[in-house]
Amino acid sequence: MRRDIQPNERAFSSKDVAEEVGIATPTVRKYGQILERNGYEFLKDGDRRIFVQSDIGALIALRDTDKPLDDTAKDLVHQQKERLESSNETEIAIPDTYNNLTHDPHQLKEVLMFVVKELAATREMNFQLTNDMSQLKTKVSRLQQDHHVISSSIGNSAQKTNAKIEKLTEQQNTHYETLLQQEKQKSELLQKEIQNMRDEQKKEWSSQNDFNKRLEVAMQKPKEKWGGLFSIFRK
């Protein structure tokens, strides 16, 4: 198990490492497989590798090596084992140091103050996260309300527009029917006037024919010429 990880050390994903080292993500996986094949230890989350700064250094060494990759990987594995052994020796010495510190009230106070500060910072971070989540929920709720208002406004506007269109259509139909009725009445009046004119013309033609007939009869009676003419005009 790896014991060379520093507290709060940053962890990198394969994508982050690819950007950091300047190689493709599949190449990161390939280098990881070569290192593991030769005994290198990675932190893992299930089957996914988690990289720290020392692992990035190993990948860079593989990228820049002129030797076969497996030979360079063996050298890197040897370096990692030495680093882990050194880390184990340090851990063995830590309990003795801790026991010595517990007898020193001043150092114990400093340790406790450090722990208190860390707890206070953690609480502050939790409070900030809670506050941020609350603000985020409020924003989401407002966005949902705005979406509902906008949707309602669009629906109401569409209904009003449809109502106006229907009203205008109805008005146009009514106006068209009124005009049609007026034109029909005008046509009927015009036909009546034409018929009256025809009747008057027939009367004129009939009167003229009667006059012409009487005049013709009078012309056929020479002896009674003047008396007949006078009788015609008297009539």
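The model is predicted, so local features require pLDDT of at least 70 and side-chain atom pairs count only at pLDDT 80 or more, whereas totals for chains, interfaces and linings use all residues. Residues are numbered from 1 along each chain as its sequence is written, and side-chain values use heavy atoms, with hydrogens and water left out.

Six helices and two strands make up the secondary structure (DSSP runs, numbered from the N terminus: H or I of at least four residues for helices, E of at least two for strands). From the N terminus, the order of elements is α-α-β-β-α-α-α-α. Of the 235 residues in the protein, 15% are buried (under 20% relative accessible area, 1.4 Å probe, protein chains only).

Two aromatic pairs occur in the structure (ring centres of Phe, Tyr or the six-membered ring of Trp within 6.5 Å; planes under 30 degrees apart are stacked, over 60 edge-to-face and the rest tilted). The ring centres of Tyr40 and Phe42 lie 4.8 Å apart with their planes at 50 degrees, so this pair is tilted. Phe42 and Phe51 form an edge-to-face pair, at 5.4 Å centre to centre and 70 degrees between the planes. Arg49 lies over the face of Phe42, 5.8 Å from the ring centre (CZ of Arg or NZ of Lys within 6 Å of the centre and within 35 degrees of the ring normal).

Technical notes. Buried means under 20% relative accessible area, exposed over 50%, partly exposed in between (1.4 Å probe, protein chains only).
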